Amino acid sequence: MSCSRLSMVKQLMEPGQFSAFEQYFESLSPNCKLSASKVAIATGIDFKLTHKILQKLADEKIFKLNYGLRCPVCGLLLDIQDDLPAIEKEQFCYQCEEAVEITPDDIEVIYTFYNYPFATGQQSKKELESSESAARSFDSLTQLIASGTLDLNKAFFSPTDQEYQKLQSAYNNIFIKKDTTKETGDSLESLTARLFSLCRHFRAEPVRIRPNQIDCYVRNTLFIPGVSQASCKDSFIIECKNEAQSPTAGYMNKLHSILKITGKQFGIIVSKCPAPRTFVTLSNKVFLNDKIIIISLDANDLKKIIFQDVNLLECISRKIDEIKLDSTKSLVELGLYDA
């Protein structure tokens with residue numbers, strides 16, 4: 001029996017493909033587990049288009065996404081999660097008897113029925129056979145990202161209305177005159193820690209090290225595109241400057257020194273005023289010499305993120321690219337990024 005709920009993806013396919021697609025799905029049982037490669041092999045639809053079709057059906061609550069974590073060494077299925085940001089990058093493999101680091105290549109995307117759209121159904125032999133020949137690499141999180149059907153930035157940074165309201169209050173507070181310099185600095189540090197903590201894979205807190213105070217130390221619990229462009233596999237450091245002037249080269253030197261001492265490769269200067277025009281070029285030289293990336297976020301960036309729903313992670317990713325390229329123009333202006 002055909003299902004009109006599948007017709008929403010008909011416009012994505014070439015003539016003749018939809019009937020094969022519909023016939024295949026009618027043969028599935030309510031408890032089946034699908035992958036993009038399995039569907040592509042069974043229907044003859046190419047892998048990239050299959051990713052888009054399955055994601056569309058997931059958006060419409062016909063499917064739900066599950067993520068299978070496989071050991072990068074032996075391939076053992078270690079765990080299945082339905083919440084991507086909850087995945088920790090370090091997992092223990094009982095077959096290898098050691099901890100292993102999970103990357104998007106090791107996360108297998110699995111689709112299961114959220115709402116079974118057929119009155120009857122039975123998993124066919126064809127479907128079972130195709131699962132045996134499925135190429136696992138096509139079903140990785142990496143491929144889902146490459147197909148353009150999953151926005152990781154939105155998956156990991158999507159504050160609620162209430163959280164945005166608290167951020168907006170904290171943002172306005174940094175412009176209120178304080179009695180002491182410490183109170184002034186604390187207001188920006190507090191906003192920064194709150195903002196970065198809203199990323200599902202970040203934990204942000206001030207940390208005291210000898211001989212410096214780190215305004216905000218951010219632990220990254222999952223190795224994903226974005227900050228991973230800066231070889232940031234575990235943590236990075238933020239320096240806050242809540243003053244009525246642009247951050248001088250001294251702030252970059254201080255952060256650069258802390259990064260070298262702690263063995264980190266990524267840092268952020270958060271300031272009320274924009275960084276000098278020479279910042280990108282200076283940071284590019286640091287990157288070329290030491291493979292350390294330092295970017296800046298100013299009050300204008302924070303305002304767009306907090307009041308205009310600009311994505312923090314995309315903004316960071318864009319600024320990292322600008323440093324690596326020594327770009328003379330914003331990559332947003334060039335149409336390469338939205339944030």
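This is a predicted model: local features need pLDDT of at least 70, side-chain atom pairs count only at pLDDT 80 or more; totals for chains, interfaces and linings use all residues.
Residues are numbered from 1 along each chain as its sequence is written, and side-chain values use heavy atoms, with hydrogens and water left out.

Switch to cartoon. You'll find 12 helices and 11 strands (DSSP runs numbered from the N terminus: helices are H or I with at least four residues, strands are E with at least two). Buried residues make up 49% of the 339 in the protein (buried is under 20% relative accessible area, exposed over 50%, partly exposed in between, with a 1.4 Å probe and protein chains only).

Next, select S1, S6, S2 and S3. In that order they form an open sheet of 4 strands with antiparallel pairing (two strands pair if DSSP finds at least two bridges between them). Strands S1 (33-34) and S3 (77-81) are at the edges with a single partner strand each, so one side of each has no neighbour in the sheet. S2 and S3 pair over 4 bridges; pick out glycine 68 and its bridge partner in S3, isoleucine 80.

Stay on S2 (residues 63-70) and click arginine 70. Is arginine 70 buried or exposed? Arginine 70 counts as buried because its relative accessibility is 18%. Its side chain makes a polar contact with the side chain of glutamate 108 at 2.5 Å (a pair of N or O atoms within 3.5 Å; within protein, one must be able to donate a hydrogen and the other to accept it, and residues adjacent in sequence count only if both atoms are side-chain atoms).

Now try S4 (residues 90-93) and S5 (residues 98-101), an antiparallel pair joined by 4 bridges. This hairpin has 4 residues between its strands, and glutamate 97 in the turn has a positive phi of about 60°.

Finish inside. Of the 89 residues in the largest nonpolar core, Phe21, Phe25, Phe196 and Ile268 touch the most other members (a core is a set of buried Ala, Val, Leu, Ile, Met, Phe, Trp, Tyr and Cys residues joined through side-chain atoms within 4.5 Å). Helix H12 (residues 312-325) gives the most to this core, with 6 residues.
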